[in-house]
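Please work through the following exercises with the sequence and the coordinates open beside you. Each task is followed by a solution that goes step by step.

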Amino acid sequence: MSRRKYKTQPDERIVFRHADMSLDADTVKKLCAGITNVKMQKFLCYLAILGNRSRAAQAVPVSTTTTWYWRRDDEQFRARYDDAMKIAAELHENEMFRRSSEGVLEPVYQGGKLVGTIRKYSDTLLIFALKGAMPEKYADRQKVEHSGAVDVVQRLRAARERALGRKTQ
């Protein structure tokens, strides 16, 4: 059985890409309360920021299989894992609102040289934010009506009997 070799340092691209999404000291304390394994603690913190098990495991580094075993075997870790995913959802929701309302700066090039930046907003993110915040007003509406009987079971039995070459009643 071959074992994966992991880098001794976390993948910095993962960490720095999410540098603007960080956890305060109180959140880290709550998230790691009762967890003594340092790798478990790091994993939970990365999970809370990244919201993705495999990317958080890569950042620690630890195998995703190990994190699955931790979650299966340790009830306290499982509860903290769920807390981390809730924190991640909140952080990502905040980022969604920021991008839709404040926008992001994108570089502008002319003749191969950077000449400035332009602020771009995400209408799509705003639409999703409104659908989530006010579903009664902005949710997609589909109305499906059906009248008459549905005799699927009888039709399936008859088809099976025909396929087996038996006569149906």
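**Exercise 1.** Which residues in α2 meet which residues in α6?

Solution. The model is a predicted one, in which local features need pLDDT of at least 70 and side-chain atom pairs count only at pLDDT 80 or more, whereas totals for chains, interfaces and linings use all residues. Residues are numbered from 1 along each chain as its sequence is written, and side-chain values use heavy atoms, with hydrogens and water left out.

Step 1: take a contact to be heavy atoms within 4.5 Å, and take helices as DSSP runs of H or I with at least four residues and strands as runs of E with at least two, numbered from the N terminus. Step 2: on the α2 side one then finds Thr 27, Lys 30 and Leu 31, which meet Arg 80, Asp 83, Ala 84 and Ile 87 in α6. Step 3: sorted by type, the residues of this contact are three nonpolar, one polar and three charged, where Ala, Val, Leu, Ile, Met, Phe, Trp, Tyr, Cys and Pro count as nonpolar, Asp, Glu, Lys and Arg as charged, and the others, Gly among them, as polar.

**Exercise 2.** Determine how helix α2 is oriented against helix α6.

Solution. Step 1: with axes as lines fitted to C-alpha atoms over the stretch in contact, and angles running from 0 to 180 degrees between N-to-C directions, helix α2 (residues 25–32) and helix α6 (residues 75–101) pack at about 150 degrees, their axes being 9 Å apart. Step 2: because angles over 145 degrees count as roughly antiparallel, under 35 as roughly parallel, 65 to 115 as roughly perpendicular and the rest as oblique, α2 is roughly antiparallel to α6.

**Exercise 3.** Is Ala 33 buried, partly exposed or exposed, and with which residues is Ala 33 in contact beyond its neighbours within four places in sequence?

Solution. Step 1: Ala 33 belongs to the loop between α2 and α3 (38–50). Step 2: its relative accessible area is 32%, so Ala 33 is partly exposed, given that buried means under 20%, exposed over 50% and partly exposed in between (1.4 Å probe, protein chains only). Step 3: leaving those neighbours aside, Ala 33 is in contact with Gln 76 and Arg 80; the C-alpha atoms of Ala 33 and Gln 76 are separated by 9.2 Å, although the two residues are 43 residues apart along the chain.

**Exercise 4.** Describe the setting of Glu 95 in helix α6.

Solution. Step 1: Glu 95 has 13% relative accessibility and therefore counts as buried. Step 2: its side chain makes a polar contact of 2.8 Å with the side chain of Arg 98.

Conventions. Polar contact = N/O pair within 3.5 Å; in protein donor to acceptor, adjacent residues only side chain to side chain.
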